[in-house]
Amino acid sequence: MYLKFPFVNLRPQILTGVEKRILEKAAEMFLTLGVKSVTMDEIAGELGMSKKTIYAHYGTKTKLIEATALFMFERISQGIEDLSRGQKDPIEELFTIKDFALEHLRDERSSPQYQLQKYYPKIFASLKTRQQDLMEAYIQKNLKRGISEGVYRNEIPVVFTSQIYFVGMMGIKDRDIFLEKEYSMNQLINLHLEYHVRAIATEKGIHILNELLNTTAQ
């Protein structure tokens with residue numbers, strides 16, 4: 001099945017059971033420990049299989065990292081698509097999707113984006129392009145629905161707002177600016193989303209936002 005957001009002529013990876021096990025474990029370890037820190041031996045040990053078996057499917061660690069990044073991207077893309085078909089209002093939908101993404105990214109404790117950018121720049125660049133296409137397509141869809149339902153202001157520049165949202169999401173992951181000792185990734189994503197909604201919401205939308213924030217704080 002092809003993903004249905006307009007950017008994706010992306011055919012999802014067709015995985016065997018062994019490949020799915022490898023990618024799920026690799027994703028868990030890369031997100032927790034970092035792509036640079038984890039070795040193929042450690043992944044094999046956690047899986048209880050030989051390193052030779054992993055290499056039979058992914059000939060190098062770089063190929064495994066690339067396949068894992070695509071695996072996570074596809075999983076999150078499909079989740080966003082499924083959640084965006086629900087019956088929630090546009091602001092509540094944003095918070096639901098944010099929670100879904102955080103659950104799968106495990107708060108990015110090991111700064112995988114930074115490590116990909118530094119050590120695997122080609123994989124990072126390819127992933128960033130896909131992330132941008134996904135996020136801008138989704139945010140534009142959300143904005144148009146929010147305007148039609150009266151929770152976002154009519155005069156919002158839709159394309160620009162989707163672009164600035166993506167720039168903000170990438171920017172808050174810069175740990176040279178947003179120090180890890182001061183902010184968790186969870187806090188940053190929550191603050192960024194609140195900032196985004198307050199900038200575009202009508203009075204009706206602000207009321208919905210405040211109710212959501214109050215519910216989350218309880």
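**Helix α9 and H192**

Apart from its neighbours within four places in sequence, H192 is in contact (heavy atoms within 4.5 Å) with Y165, G168, M169 and I172. H192 is placed in helix α9; helices here are DSSP runs of H or I with at least four residues, numbered from the N terminus. The side chain of H192 also reaches the backbone oxygen of Y165 at 3.5 Å. H192 is buried, with a relative accessible area of 11%; buried means under 20% relative accessible area, with a 1.4 Å probe and protein chains only.

**Basis of the model**

The model is predicted, with local features requiring pLDDT of at least 70 and side-chain atom pairs counting only at pLDDT 80 or more, while totals for chains, interfaces and linings use all residues. Residues are numbered from 1 along each chain as its sequence is written, and side-chain values use heavy atoms, leaving out hydrogens and water.

**Nonpolar core**

The largest nonpolar core has 62 residues. Such a core is a set of buried Ala, Val, Leu, Ile, Met, Phe, Trp, Tyr and Cys residues joined through side-chain atoms within 4.5 Å. Those with the most contacts inside the core are F30, I43, I54, L64, I91, L116 and Y152. Elements that give two or more residues to this core include α1 (17-33), α4 (61-83) and α7 (121-148); α4 gives the most, with 10 residues.

**Helix α5 and T96**

T96 lies in helix α5 (residues 90-105). T96 is buried, with a relative accessible area of 18%. Beyond its neighbours within four places in sequence, T96 is in contact with L83 and K88.

Note on methods. Buried < 20%, exposed > 50% of the residue type's maximum accessible area, 1.4 Å probe, protein only. Polar contact = N/O pair within 3.5 Å; in protein donor to acceptor, adjacent residues only side chain to side chain.
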